[in-house]
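Hi everyone, thanks for coming. I'll take you through a few spots in this one, going slowly for anyone who is new to it. Have a look first, and then we'll start.

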Amino acid sequence: MIVRRRWTAAATTAILISAVLSHPGSGSAAPAAPASPITLTATETALVRVQLRDQAQLDRLVATGADLANRPRTRDSRILADLVLTGAQLADLTAQGATAVQIVQRAGDGSRHFADSVRAAQTRTRAGLRAPAADQRTTTAAAVDTLQVQQAYWWTASGQTFLQAQVATTATDDPDVEITVSWRTADGATGSFPLYRFEDSGEYQYHYNLPQPVPNRPVQLTATSSLGGTSRTVTPSLWPNATPPPLPAGYQRDFIDAYLTPVDVQARIKRLARQYRDLVDVIDLPNKTQGYRRNAVAYLGDPAVAAVVVESVRFGDQGMNGVQVRTVDPGRRNRPLTVKYRDRVLTVSLATDTAGKTVSTTDEVAAAINARQPNRFRATVEDGSTGLPMPVAGPARLDDGLQGTEVPAKPWTVQALRLGVHRDGSRVGVLAYSQEHAREWATPLVTLEFAERMLANSRTDPATRELLEQVDVFVIPTVNPDGANYSFNDFNMQRKNLVNHCAGAARDPKNRNSWGVDVNRNYTVGSYFDGYVGASANCLSGTYAGTSELSEAESRNVVALAKGHPNIKFAMNVHSYGGYFMWPPGAYRADGRVTLPRPSIDESTLFLNSARRIVGAIAQERDTVTWPSQTGPVADVLYSAAGNSADQLYYELGIFAWDFEVGNDRWNAATGEWEGVGFQPPFDEAHAESQEYAGGLVELVRVARDYAAAESATG
């Protein structure tokens with residue numbers, strides 16, 4: 001592994017860790033299965049485009065907490081999903097009728113983590129779309145349905161106008177209903193495009209399509225169905241139809257020049273506190289994380305033949321890295337199995353029979369280590385080695401396997417910045433927090449750019465100074481520092497933290513890149529433990545919910561900060577990638593797709609109107625527009641995410657809580673496709689994301705200010 005501490009723009013010109021995925025244009029068919037099978041080795045991990053067998057298989061993946069990179073969709077009756085999978089998991093899916101279509105990104109080791117960019121030409125999928133079944137339904141069908149246009153929006157970005165529509169049919173149980181949208185522009189041009197069926201958890205929701213390019217402002221839209229239904233004609237609305245106030249001359253921005261590891265983030269926090277003493281407090285959050293550390297482990301024997309996994313009870317950095325373990329033949333007849341530990345060597349002397357032959361099995365050796373050295377070691381039989389004769393083996397050195405030699409191993413104190421003139425709870429509070437998921441490298445760039453903009457411009461811009469007079473701002477740049485350190489140094493696709501709750505065979509070091517808890521599935525509201533969908537009890541799953549609600553220091557820190565500062569009324573959880581803007585409810589129960597309670601009409605209006613303002617602010621940077629189809633409640637526009645933090649803050653603490661998914665798709669006019677950017681794009685893209693979404697966070701502060709003023713005015 002090449003250990004790198006500074007992720008500069010120059011160093012990242014040839015870097016693209018996560019794959020870039022693209023949406024097909026309206027006339028594109030789903031990619032066909034490859035001519036030759038796509039395979040991974042059993043322990044290899046990759047981001048894979050998979051054509052699933054059917055909707056039921058997708059539903060099972062969602063219910064069991066599969067690591068979905070984004071939202072699947074169906075195209076031409078084929079369900080496509082981008083999944084982070086090991087070779088063993090891919091083989092299991094294939095055995096169940098799925099087909100691997102494309103290896104989007106292999107999660108290799110060493111410099112492959114930071115290797116050449118991958119061309120943005122693979123198809124990102126969206127959840128629940130089912131294409132019309134060709135030639136299976138005609139307009140002579142027995143029944144006529146009714147169509148309702150739920151959304152019809154247009155916008156212009158980089159000189160191109162786009163139209164997006166969402167239409168629902170009353171023929172909800174008919175999977176073959178075809179819906180077509182026809183449009184007319186202000187200059188008289190006309191055209192049409194198909195919509196695709198969106199089902200979620202077996203429940204029909206609506207038909208929609210990706211934003212479609214049109215030659216001019218659309219002024220008329222009508223939908224028709226293959227059953228004969230026709231919608232009323234509507235005039236598409238401008239999206240988001242909100243513009244932030246102009247920036248004053250001399251407004252300071254662009255404080256991000258590199259990807260930042262947790263060590264870098266910590267240094268930035270320290271520098272800001274020193275530079276802006278009158279405006280900044282640093283809050284040490286109360287729950288120390290495990291730290292960048294793991295138990296030391298070794299195979300005693302040959303895993304391909306017969307082996308026992310020996311693991312230290314303490315972490316490797318606590319004096320256990322380098323400890324040796326071995327089995328020996330005592331060289332005498334009728335000897336019992338013995339275990340001793342001396343001078344940092346664990347020696348297992350195998351039992352012998354009357355002829356002096358060793359007779360101990362792998363199970364007996366593991367049991368003896370656990371019984372006689374329980375305070376130092378634990379041992380399990382390697383998968384496939386149960387009951388086999390234990391060979392004379394070793395000495396093998398225990399090691400924690402961590403590659404980041406410059407990362408502090410001790411438990412980590414997560415820090416938050418508190419910004420404002422009045423940091424006493426007397427002003428409305430806004431919380432921005434990021435990197436709950438370790439592999440989302442661009443997200444702390446967003447929150448730190450936001451924080452530094454607010455601080456630097458408070459010296460020169462009266463409007464910014466006024467914001468910091470009226471709003472109390474809290475920023476947690478890295479919620480999950482241990483996982484982030486592991487992502488930068490060991491396994492770039494790491495999503496979870498580093499706490500290993502696995503037991504038995506799941507602790508085999510071959511699973512090391514699957515250990516940890518998904519911090520954003522570990523909260524108490526709408527959790528897996530309460531029967532909600534979108535998390536897993538499997539400790540090796542990408543969405544493992546932990547041993548219990550709030551079992552992890554990282555999630556407890558977010559709750560502690562919010563509870564400790566009841567003036568916080570607004571929050572933004574910054575994730576990547578895909579370009580979403582979301583709010584509660586974020587989870588549902590599978591049986592009947594019963595979501596958490598919906599916000600009231602007034603609160604829903606506040607969520608949507610605020611979203612328009614913030615989406616408008618984001619678009620000011622480089623014309624990036626978050627699609628209306630990806631703006632709304634998490635459970636409706638993404639998927640069910642049991643036990644997520646936004647639901648925790650909203651339902652438990654009464655905070656208006658949103659989620660960003662930064663890294664919006666980019667329109668490629670040459671190919672007529674939407675292209676995705678991935679979790680760890682080249683730095684130029686990550687830098688642009690930091691700039692546009694920092695502007696969105698500034699607008700969130702304005703939203704909070706206006707809300708507080710309105711509340712004060714009404715008494």
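Strands themselves are DSSP runs of E with at least two residues, while helices are runs of H or I with at least four residues, and both are numbered from the N terminus.

A word on what you're looking at. This is a predicted model, where local features need pLDDT of at least 70 and side-chain atom pairs count only at pLDDT 80 or more, while totals for chains, interfaces and linings use all residues. Residues are numbered from 1 along each chain as its sequence is written, and side-chain values use heavy atoms, with hydrogens and water left out.

Okay, strands. Strand 11, residues 190–200, runs antiparallel to strand 12, and five bridges join them. One of the pairings puts D200 across from E203 in strand 12. These two strands form a hairpin with two residues between them, and there S201 takes a positive phi near 55°. Strand 12, which covers residues 203–208, also has strand 9 (residues 160–169) as an antiparallel partner, through two bridges. Over there, Q166 sits opposite Y208 of strand 12.

Now the helices. Under 35 degrees is roughly parallel, over 145 roughly antiparallel, 65 to 115 roughly perpendicular, and the rest oblique.

So how do helix 3 and helix 6 pack? Helix 3, residues 262–275, meets helix 6 at about 10°, with the axes 12 Å apart, and therefore the two are roughly parallel. If contact means heavy atoms within 4.5 Å, then V265, R268, R271 and L272 of helix 3 touch P444, L448, E452 and L455 of helix 6. That contact has five nonpolar, no polar and three charged residues. For the record, nonpolar is Ala, Val, Leu, Ile, Met, Phe, Trp, Tyr, Cys and Pro, charged is Asp, Glu, Lys and Arg, and polar is the others, Gly among them.

Helix 6 (443–457) has another neighbour, helix 7 (462–470), at about 110° and with axes 8 Å apart. Those two are therefore roughly perpendicular. R453, M454 and N457 come from helix 6, and T464, L467 and L468 from helix 7; by class that's three nonpolar, two polar and one charged.

Back to R268 and E452, because their side chains form a salt bridge, 3.1 Å from N to O, where the term asks for a side-chain nitrogen of Lys or Arg within 4 Å of a carboxyl oxygen of Asp or Glu. The two are 184 residues apart, one in helix 3 and the other in helix 6. Buried or exposed? R268 counts as buried at 11% relative accessibility, and E452 is buried at 4%. The cut-offs, with a 1.4 Å probe and protein chains only, are under 20% relative accessible area for buried, over 50% for exposed, and partly exposed in between.

Compare D54 and R53, whose salt bridge is 3.2 Å, N to O: D54 is partly exposed at 27%, and R53 is partly exposed at 43%.

Last stop: E699 and R613, bridged at 2.9 Å, N to O. E699 is in helix 13 (683–714) and R613 in helix 10 (601–622), so the pair ties together parts 86 residues apart in sequence. E699 is buried at 3%, whereas R613 is partly exposed at 26%. Overall, the count comes to 23 salt bridges.

Definitions and conventions
Axes fitted to C-alpha atoms, helices over the stretch in contact; angles between N-to-C directions. Pairing = 2+ DSSP bridges.
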